[in-house]
Amino acid sequence: MDNTYTKKTKWHEETQMDRLSDLPDCLLHHILSFMDSKYAVQTCILSKRWVSVWTHLPVLKLDSKFFNRVGNFRSFISQVLDHCETSNILTLSICSPRKNLARSLVDKIISFAVSHSVQELDLSLKYPIGELQNVFRCQSLRFLKLDLLCGLPLPLPNSISLASLKTLILCKVRLKSENHCFDLFSSCLDLQNIVLDHVFLTISDIFNISASALVSLTISKIIFYVAKDAKIMYYAPIKDRKVVITAPRLTSFSFTCYRPMSLSMDNSPLLENVNLSMSHDDLSDTQEEGSFMFLIEMLRQLGNARSLTVTLGLVKFLSQHSRLLEEQPFPFSKLESLKVLRGRQSCKKIPPNVLNFLVQGSPMAEELLRMFQKKRRVCKQPMDD
């Protein structure tokens, strides 16, 4: 009887042990890195063992959605940065899309990123002010995402020189440069992935995307503006919307836009996948002279693609210019796969003149035509975007 009681007591004591606290610091840091820093910091009240664990985290995630007052969030950011004892931060993520941060705090964040050799920096800020351009002095960066909600124009150097940078994501950013040939990326020799999402450009002439190691490029709604003054801007005419891409290792290109633009893709022999998303309504509403020919030239510049995905809106726009389309040379010489999307679903109903234009230059033209003709019905009903 006593023996049974002793075993039960021992088992109960063992199950009540704080085994989590017995884990080495490296494992605790790894576990806490998956949660927002607000809750990671709160572990300091568990016991003496946990008092300073959070100060050595390699990943800091600070999100304003977990705070009711912006003042508390600002204070929390400052306290976390002041007490951080990790010399090399893997990831610093600060998300405050609806709450303004003071200029001094933005400057403090950037200085922290530079001094603590941050490798991955993700900033989502509302109308940021301060010396945000100093982020481009952080030579340790391998990943950089700036989501700035179209605040004040971001002053930029003529060229970003970040030797370790592999991925750059710019969202809702206004870029400004007086440089005639804006060449931002050529000094990033290891840059492999670029995403430009709702980027507003006030550029004098040409936007160059030149990166020797670039593999994947996504351009989503890049908008060219001409600034009349500090408050008044208007769309640049199509002839002034020029993007020149020089990326000899580029294999994937995704492009979404409201309006056609002048696209030049120089020396991209490895291009595999091209995804073009354009709304028929947006294309038709431009009413700009030469829009059709600029679109045709854009397709021609992407002629090395082996896999092509386009939206039904783009197909419909091409089909409405059938006479001009018949006069154009076939743009794609290596095409092996063609997909047309209506929303997220694949569409087999493509006007024959557009289908021929897209595939006839390919050595696999007959096979591609046969694939569509198997399931395609004669297009008697109008197509919807």
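A nonpolar core is a set of buried Ala, Val, Leu, Ile, Met, Phe, Trp, Tyr and Cys residues joined through side-chain atoms within 4.5 Å. I note that the model examined here is predicted.

**Entry 1: the core.** I looked up the largest nonpolar core, which holds 107 residues. Ile 94, Ile 209, Phe 253, Leu 276 and Leu 302 touch the most other members. Helix α5 supplies the largest share of this core, with 6 residues. I then listed the contacts of Leu 276 beyond four places in sequence; among them are Phe 253, Phe 255, Leu 299, Leu 302 and Leu 314.

**Entry 2: helix α4.** I recorded that α4 covers residues 70-83, which is 14 residues. From first C-alpha to last, α4 reaches 20 Å, close to the 20 Å expected. Its buried residues are Phe 73, Phe 76, Ile 77, Ser 78, Val 80 and Leu 81. The cover over these buried residues includes α3, β1, β2 and α5.

**Entry 3: Ser 93.** I found Ser 93 in strand β2. Is Ser 93 buried or exposed? Its relative accessibility is 19%, and buried means under 20%, so Ser 93 counts as buried. Leaving aside neighbours within four places in sequence, Ser 93 is in contact with Leu 60, Lys 61, Leu 62 and Asp 122.

**Entry 4: helices α7 and α8.** I examined how α7 (residues 291-301) packs with α8 (residues 312-319): the angle is about 120° and the axes are 11 Å apart. That angle makes α7 oblique to α8. The crossing of α7 past α8 is left-handed. Phe 292, Leu 295, Ile 296 and Leu 299 of α7 meet Leu 314, Phe 317 and Leu 318 of α8.

Key. Residues numbered from 1 in each chain as written. Predicted model: local features only at pLDDT ≥ 70, side-chain atom pairs only at ≥ 80, totals over all residues. Heavy atoms only, no water. Helix = DSSP H or I, 4+ residues; strand = E, 2+ residues; numbered from the N terminus. Expected span 1.5 Å × (residues − 1). Buried < 20%, exposed > 50% of the residue type's maximum accessible area, 1.4 Å probe, protein only. Contact = heavy atoms within 4.5 Å. Axes fitted to C-alpha atoms, helices over the stretch in contact; angles between N-to-C directions. Parallel < 35°, antiparallel > 145°, perpendicular 65-115°, else oblique. Left-handed = near helix turned anticlockwise from the far one by under 90°.
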